[in-house]
Amino acid sequence: MIVILLFIPLIGLSAYMVTFLTLYFIFLSMAEMWNFLAGYGGFFSLGQGAFVGLAGYMLGILTDFGCPTYAALIISSSVSAAFAAVVSKPLFRVKGVYFSVGSLALTEMMRIFFTSWRPPWASPVTWGGAGIPIKAAAYITRIEIYYVALILALISILVVKIALNSKIGLNVIAICDDEDAALSCGMPTFRYKLFLLVICAFFTGLAGATFYLYQGYIEPVSGFGVNWTLIPLMATIIGGLRSVEGPIFGAFISTILYLQLVRYLGLSLILQGVIVILFVFLAPKGLRGLFDKLKKGSGG
Amino acid sequence: MMEEDNILEINNLSVYYGGLRVVHNVSFNVRKGEVFALIGSNGAGKSSILSAIMGLSSYTGTIKFLGKKIDHLKTYQRIALGLTLAPESSAAIFSRFTVLENLLIGSYLNRAEREKMLERVFKLFPILKERMNQPADKLSGGERKMLLIGRALMSNPKLLLLDEVSLGLSPLITDKIYEACKEINSQGVTILLVEQNVWKALEFANRACIIEAGKITRVGKADELLDEESIRRAYLGL
Amino acid sequence: MKLIEAVVYGSLLGGAYAVIGIGMSLTLGVMEVMNIAHGEIILLSSYLAYQLLLLLGMDPLLSAIPLSLFLLTLGFFLQKYCLSRALKYSVEMFVITTLAISTILENVYLLIWSPMQKALITGYLLWSCEVGGIKVPFVFLLDFFVSIAVLVTLREFLKKTYLGMAIRASSEDWKIAQLMGINTDNIRALTLGLAFLTAGIAGVLIGLTYPFSPSIGKSYMVIAFGIVVLGGLGSMIGTFIGGLIIGLVQVLTATFFDPAWQLFASYLVIFIILALRPKGVLGR
């Protein structure tokens, strides 16, 4: 399967297919990471935009100063990860709903910051609400971006799978189920929560940076927008919250909606919102849950 | 014994607490106007039975109130029928309300009668009238118990469930409260009480049953149980 | 002089913000969740008032009445028949659902009314009066006093009426509330209805004071959240003070630093307080 994916662009599939798959891998990676944080860890972050936007802007700044693209990608993601580490202490002091809205507030803060801040090197037509161009986008081919996205998606899934089966993953799930119990067993819970958040931030940032590499420019409203939470959320909820395979199908739907309605971004988001609501009420455990229910119902 | 005499019928009641079964297939009846005690040591499952009757815990089996099944009813619907509970924990008062407000909210479903009900409660527990406008969390343990019972009375119930009246209270206060409960019963309110203090319970009750590890081991008239050798040894230390 | 002016403006504005926050405080207190779409509901009121002004020439202060009643009903039925199911499943599902609603509404507004800013323009917006040497726009006074009226009315309702007591009881302990015969499902629905009602009033007030656009919804929600964090739960005074703090921070930042950063400054304060004292300045 993976081998097929690797060779797709070489077979000369249409540019549309390449674009589709590139976006698919990006969304898939974000979904896996959000699912890791929210589904397994129990931290319903509504602020994925913070990681995406930050990495995107860093990519723009770095490549503006001549940093080689691949290095810039890694550095940008690391900045997102570092940011996550910095805000983890205050953010993890609160739980549940407060955490969710707190993460959203944080993202809003980032959005305002990048709308209002003008760095000393800013040209009169860039920065502020208009955003900045990503210089590197001009020098990279669609094919290269495709491979970056593909590798990103594969690594994301791998990382989540490995982490879940390792000590870290099991501890994180334990914390999610009952943090007080975990604490009373002497588990250094903060360390694991931090690890979870940083991993999520790094790969979400990387996915975001890859996206902006594809798009060629970034501006604050969509860069830090809630769509970066809604897209992985919808992808995850379709597959069911605690499943690594779930987002694989869900991200597919996200990509279809995104591409088909790219000129009507608003419509795509409305549809995704509706899908989320439908799933909450009809299939809260995702398609897998629905499948299981149907199996049970038919005496299977 | 006519069935219409039963205000409460419990049949094959099993109560679950977090997936664990804590009460096993318990059956008993409470007659109108009587005082019925559920006695046993701590953790035997007595309070769980009361909780199930009020619809606060999940259970299997049938509960009938005044001859009608109530299992499908939510807690607030059961209150409307004339059932009420004075919970065990003194944290069950509304600590951000005054004493008066606590009592008033007790008559949520029968607001029109609230003045009459208040008078009745104040007569039974004069200290509550004294402390009427104080925040409820300033009350002592005994006063809180009185408030809980008073609040439960505000809905003018036919059946009053009392959970651990004597728990954590001095003998003097306990006696005072039991005096008031006798008065309440004489006013026509059937009482089902849960008590760890076996002596007090059997003194006050007409009939009782002993619960051990979630099962009924003995049922009978209170004064007969009081005389029984095995019970005296097990619960009264005699 | 500038300082006094800023303080006065900030305080008046803060009063208006209190109306934004009170809805959030109610839902959080009684239902232990936050409605992510709170800001978009405020905007719903602003946009509908805008349409009524445009089509019927109806003064926004007048349309606030039917709008609030409409939103009260909407909130009640939304919770009773829709959101309650999500809430029964888990708190997260409620958050997810309201997030979805928030996104849908924001984009619907974008489609219908475009990203261009709109405002509720009326004649009396030009009025202002002199108080101790400071020119105070009439709108600010309006915001402030309407806000106080709303808070006081709500406070009396919660304290003196049986329904109000039922709401307070449910917020303290919903199981014991049920023991009083209170239908907690209906109480939750009523709470959301009240939250929507206050959002409706807030929408008209803010629409008169500042221009609005679909993307502001998120900001309103964060401010409402911030007011609850700053002022603590369940206290009218706390909510009022929370609003005051935010109003003051914003106006002071705008006056002495840079207007573009005023929202950022208030968010920063909120985040810092959230990190240091999650129970709010006044606590619960």
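**View 1. Contact between helices α3 and α4 of chain A in the predicted model.** From α3(A), the residues that take part are A:F51, A:L54, A:A55, A:M58, A:L59, A:L62 and A:T63. Their partners in α4(A) are A:T69, A:A72, A:L73, A:I75, A:S76, A:S77, A:V79, A:S80, A:F83 and A:A84. By class, this contact of α3(A) with α4(A) holds 12 nonpolar and 5 polar residues, and no charged ones. Helix α3(A) spans residues 48–64 and helix α4(A) spans residues 69–91. The crossing of α3(A) past α4(A) is right-handed.

**View 2. Helix α5 of chain A packed against helix α11 of chain C.** Helix α11(C) covers residues 262–276, and its axis lies 10 Å from that of α5(A). The angle between the two is about 150°, so α5(A) and α11(C) are roughly antiparallel. Their crossing is left-handed. On the α5(A) side the contact is made by A:G102, A:A105, A:L106, A:E108, A:M109, A:I112, A:F113 and A:S116. On the α11(C) side it is made by C:L263, C:F264, C:Y267, C:L268, C:I270, C:F271 and C:L274. The residues of this contact comprise 12 nonpolar, 2 polar and 1 charged.

**View 3. The side of chain A that touches chain C.** Of the 2 pairs of chains that touch, chains A and C have the most contacts. Chain A contributes 33 residues and chain C contributes 36. Three helices of chain A, α5 (96–116), α11 (227–239) and α13 (265–282), each supply at least two residues of the chain A side. Helix α5(A) gives the most, with 14 residues. Sorted by class, the chain A side has 25 nonpolar, 6 polar and 2 charged residues.

**View 4. The side of chain B that touches chain C.** This contact draws 18 residues from chain B and 14 residues from chain C. Helices α2 (75–81) and α3 (99–106) of chain B each provide at least two residues of the chain B side. That side divides into 12 nonpolar, 3 polar and 3 charged residues. Chain B does not touch chain A, and the nearest C-alpha atoms of these two chains are 15 Å apart.

**View 5. Surroundings of A:L46.** A:L46 sits in the loop between α2 (15–40) and α3 of chain A. A:L46 has 26 C-beta neighbours inside 10 Å and therefore counts as buried, the cut-off being 20 or more. Beyond its neighbours within four places in sequence, A:L46 is in contact with A:S100, A:V101, A:S103, A:L104, A:V226 and A:T229, and also with C:L99 of chain C. A:W34 is 12 residues away along the chain, and its C-alpha atom is 9.5 Å from that of A:L46.

**View 6. Helix α9 of chain A and the residue that follows.** Helix α9(A) runs over residues 189–215, which makes 27 residues. From its first C-alpha to its last it reaches 39 Å, close to the 39 Å expected at 1.5 Å a residue. Of its 27 residues, 19 are buried, so α9(A) is largely enclosed by the rest of the structure. A:G216 follows α9(A) and has a positive phi, near 95°.

Notes:
Residues are numbered from 1 along each chain as its sequence is written. Chains are lettered from A and ligands numbered from 1 in the order in which they are written. This is a predicted model: local features need pLDDT of at least 70, side-chain atom pairs count only at pLDDT 80 or more; totals for chains, interfaces and linings use all residues. Axes are lines fitted to C-alpha atoms, for helices over the stretch in contact, and angles run from 0 to 180 degrees between N-to-C directions. Helices (H or I, at least four residues) and strands (E, at least two) are DSSP runs, numbered from the N terminus. A crossing is left-handed if the near helix is turned anticlockwise from the far one by less than a right angle, and right-handed if clockwise. Two residues are in contact if their C-beta atoms, placed from the backbone, lie within 7 Å. Ala, Val, Leu, Ile, Met, Phe, Trp, Tyr, Cys and Pro count as nonpolar, Asp, Glu, Lys and Arg as charged, and the others, Gly among them, as polar. The expected span of a helix is 1.5 Å times one less than its number of residues. A residue is buried if 20 or more other C-beta atoms lie within 10 Å of its own, exposed if 12 or fewer, and partly exposed in between; C-beta atoms are placed from the backbone. Angles under 35 degrees count as roughly parallel, over 145 as roughly antiparallel, 65 to 115 as roughly perpendicular and the rest as oblique.
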